[in-house]
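Subject: Structure handover

Hello,

The structure is below for you to open alongside this note. My findings on side-chain contacts and strand pairing follow it.

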Amino acid sequence: MKKILVPSLIALAIGSLTSVAQAQTAPAAPESTLSYNVGAVTDYRYRGISQTRAQPTVQGGADYADKSGFYIGAWASGIQWIKDTGTTVGVGGIKGPVEIDLYGGYKGAVGDAAYDVGFLRYEYSGNNLAKVSGFANANTNEVYGAVTYGLVTAKYSHAISNLFGNPNSKNSYYVDLSANFDLGNGFTLVPHYGYQKVKNVVNASYSDYALTLNKDLGNGLTASAALVGTNANEPFYTLLNKYNGKSGAVLGLKYAF
């Protein structure tokens, strides 16, 4: 998600400075930061699959980044898929309306390559998905590692628990490749391709793709428009007659402070 930061290079234009003045110039020391974000999307898509039955939802989170490179954070979003799973198979009382992501890790660099390693817990607070035949508890644990070089970021995520309620799916994994193109005037273009492997579950694995245009509106406000699609198996990813892997457009607005 949205949690990998791509480092930038700042070019310093030095005019007619003396050699002594140049020797005294040094990069600013890193600082620890605490930041927050809140926003809304027309559809919460995760790894290409709608989590909200193609309906809008609100989202928000908080992040602490230590100057040493370590970081922790939390992020939350409304979801619909757990309830829809129960309703689809006729099991009442299935709940789990909120996804809370709890994560921590370390970011650093080797030469021109930046890296990010960490742990991510998907907590579906109070969910009882395991009451539905063929499913396990939705809560999921993953470890991940990412490398950014230039404009391109490659990431690997590995489930150390069952994946999103699929039984016997431990050691499932997700790989994705993305790039970040600065178009100027506050616009960035982010193409993405990913592959989700779900172990020991027939018809659950798939590929997803997205093309996102972001616009920095200033004062911490960012707007986004994305085209998202998958080749996910339609019967497997259909709930209440809604195919959640269908190609579509997603609009978003986020405020960071």
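The structure holds 12 aromatic pairs, a pair being two rings of Phe, Tyr or Trp (its six-membered ring) with centres within 6.5 Å; planes under 30 degrees apart count as stacked, over 60 as edge-to-face and the rest as tilted. One of these pairs is Y255 with F257, which is stacked, at 5.2 Å centre to centre and 20° between the planes. Together with Y36, Y255 and F257 form one aromatic cluster. Y255 is partly exposed at 37% relative accessibility, and F257 is partly exposed at 48%. (Buried means under 20% relative accessible area, exposed over 50%, partly exposed in between, with a 1.4 Å probe and protein chains only.)

This is a predicted model, in which local features need pLDDT of at least 70 and side-chain atom pairs count only at pLDDT 80 or more, while totals for chains, interfaces and linings use all residues. Residues are numbered from 1 along each chain as its sequence is written, and side-chain values use heavy atoms, with hydrogens and water left out.

Salt bridges

There are 4 salt bridges in the structure, each a side-chain nitrogen of Lys or Arg within 4 Å of a carboxyl oxygen of Asp or Glu. Among them is D43 with R45, at 2.9 Å from N to O; both residues are buried. R47 and E142 form another, with the closest N and O atoms 2.9 Å apart. That pair links distant parts of the chain, as R47 is in the loop between β2 (45–46) and β3 (49–50) and E142 is in strand β8 (residues 140–149), 95 residues apart. Both R47 and E142 are buried.

D84 and R53 also meet in a salt bridge, at 3.8 Å from N to O. D84 lies in helix α2 (residues 81–88) and R53 in the loop between β3 and β4, so this contact ties together parts that are 31 residues apart in sequence. D84 is buried, at 4% relative accessible area, whereas R53 is partly exposed at 27%.

Strands

Helices (H or I, at least four residues) and strands (E, at least two) are DSSP runs, numbered from the N terminus; two strands pair if DSSP finds at least two bridges between them. Strands β1 (residues 33–41) and β4 (residues 57–65) run antiparallel and are joined by 9 bridges, with T57 in β4 as the bridge partner of V41. β4 also pairs with β5 (residues 70–78) in the antiparallel sense, over 7 bridges. These two strands form a hairpin with 4 residues between them, and G69 in the turn has a positive phi of about 115°.

Regards
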